[in-house]
Each structure stands twice: as structure tokens, then as C-alpha cells.
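My entries follow in the order in which I checked things.

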Amino acid sequence: MSHDAPDSLFLIVGTNPLPVVIVAEYFLKKNDLLRRIYLFYSEERKDKNQSGTYNYALNIEDLLKKHFPERGLSINRIPLSDVSNAKEIFRDMDKSLKGTLNRDSKVHLNYTGGTKVMVTHIYRKIEEYKREEKIKKTSSSYLDARTFRIVDDEEGIITDDLRKEIKFTLDEIIRLHGFR
């Protein structure tokens, strides 16, 4: 990847962790400068009828650290208290990201996981950070479920079929989904 490659990868953890970990694996394999991963997950809230994805975030973290032990990855789990409320998402992001990003940070958001509301407001907040010059550069992408390729918002398709490139064992897939 270029000198303008991201040093921080933002991933949104939904109830299917597989596409999220596939994206993380791809970026970690292609970008030696990538050291910080942020996993945005929903807190379980019965009062909001909101399922929690914390355990999926932990499982993703465990798998990535197992696959990239030499990288010294910094994996930050960012809890979102109300995934249907923009103001709460912004507040949670400001609270959790304070002191971890700086004016030289190059952030890439992959918005494959999570809900539409989570994606929309996390994307908005990242753009606000850039406008306010709290971070240097932003980019974003998603994993296309029909072609199994990552599509960058600016560059278009940036990968071949990831089913040919990213591999996991059956045991890893089972553990990723919280089964033993």
C-alpha cells in the first residue's frame, strides 16, 4: 500500500463477525503500517431492544492477535450505548477515541458490519473529525456480498475475490461465532 495508507482501521461489529474479520485480515496483510484497529460494537440494552455484539468483538480480536502476533496490534473496542441515536453514537465515539487519534492519523472505515444507523453516524463523525483537523485523512469501503470484493468509496474495487485470498479453519469460524 502507498505512503498514504491508513494507520487506523475502523470496523463495525454486527451479528455476523465473519465479513468483519475477513476485511481486517485483508488490510493487515496488505498494509504493514496498520497497527490500530477499532471495533465498534453495540452494548446489550434490554430497555432499547438492542442486542450486544461485545463477544463478537472479543472473538475478532482474539483471531487477529493469533494471526498477527508479531504486529503488536492495538485493538480498541468502542462500545455504542444506543445504536439508534446519533447523539449517543457521537458521544460514545468522542469519549472512547479521545487521546487515541491525532492530527496525523489516517483512518479507514470499513462499514460492512453493523446497522445502517451505526454506519451512517460513525461515518458522519469521522468526516467531522477530518473537517475539524483532528485526523489527517479518511477513506472508506465495504465488502460486497455478491462479488466477495472490497469496494473503496473513491477507488472502486480494490481486491480480487477474497474467498481465494483469505482463509480460516473451520474451528476458527466456529469460535468466531461464539461456539465451541
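**Notebook: helices, salt bridges, a surface patch**

I began at the start of α1, where a side-chain oxygen of N16 comes to within 3.2 Å of the backbone nitrogen of L18. I note here that the model is predicted.

Next I checked the length of α1, which covers residues 17–30: at 1.5 Å a residue its 14 residues should span 20 Å, and because the end C-alpha atoms lie 20 Å apart, the two values agree. I then looked up its cover and found the helix mostly covered, with 11 of its 14 residues buried; among them are P17, V20, I22, E25, Y26 and L28.

I repeated the length check on α2 (residues 54–67), where the 14 residues should again span 20 Å at 1.5 Å a residue and the end C-alpha atoms are 20 Å apart, which agrees. In this helix I list A57, N59, I60, E61, L63 and L64 as buried. What do the buried residues of α2 pack against? I found α1, β2 (36–42), β3 (74–80) and α5.

I then turned to the salt bridges, of which I count 17 with a cut-off of 4 Å between side-chain nitrogen and carboxyl oxygen. K30 pairs with E165, with the closest N and O atoms 3.5 Å apart. This pair links distant parts of the chain, since K30 sits in helix α1 and E165 in the loop between β7 (156–157) and α5, 135 residues apart.

K125 is buried, with a relative accessible area of 4%, whereas D94, at 32%, is partly exposed.

R146 and D144 form a salt bridge at 3.7 Å, N to O.

Last, I looked at the surface, where L170, I174 and F179 form a nonpolar patch with about 330 Å² of accessible area together. I174 lies in helix α5 (residues 170–176) and, at 33% relative accessibility, counts as partly exposed.

Key. Residues numbered from 1 in each chain as written. Predicted model: local features only at pLDDT ≥ 70, side-chain atom pairs only at ≥ 80, totals over all residues. Heavy atoms only, no water. Patch = residues over 30% accessible without salt bridge, like charges linked within 9 Å, V, L, I, M, F, W, Y side chains within 5 Å. Areas by Shrake-Rupley, 256 points an atom, 1.4 Å probe, with all protein chains shown as cover. Helix = DSSP H or I, 4+ residues; strand = E, 2+ residues; numbered from the N terminus. Buried < 20%, exposed > 50% of the residue type's maximum accessible area, 1.4 Å probe, protein only. Expected span 1.5 Å × (residues − 1). Polar contact = N/O pair within 3.5 Å; in protein donor to acceptor, adjacent residues only side chain to side chain. Contact = heavy atoms within 4.5 Å.
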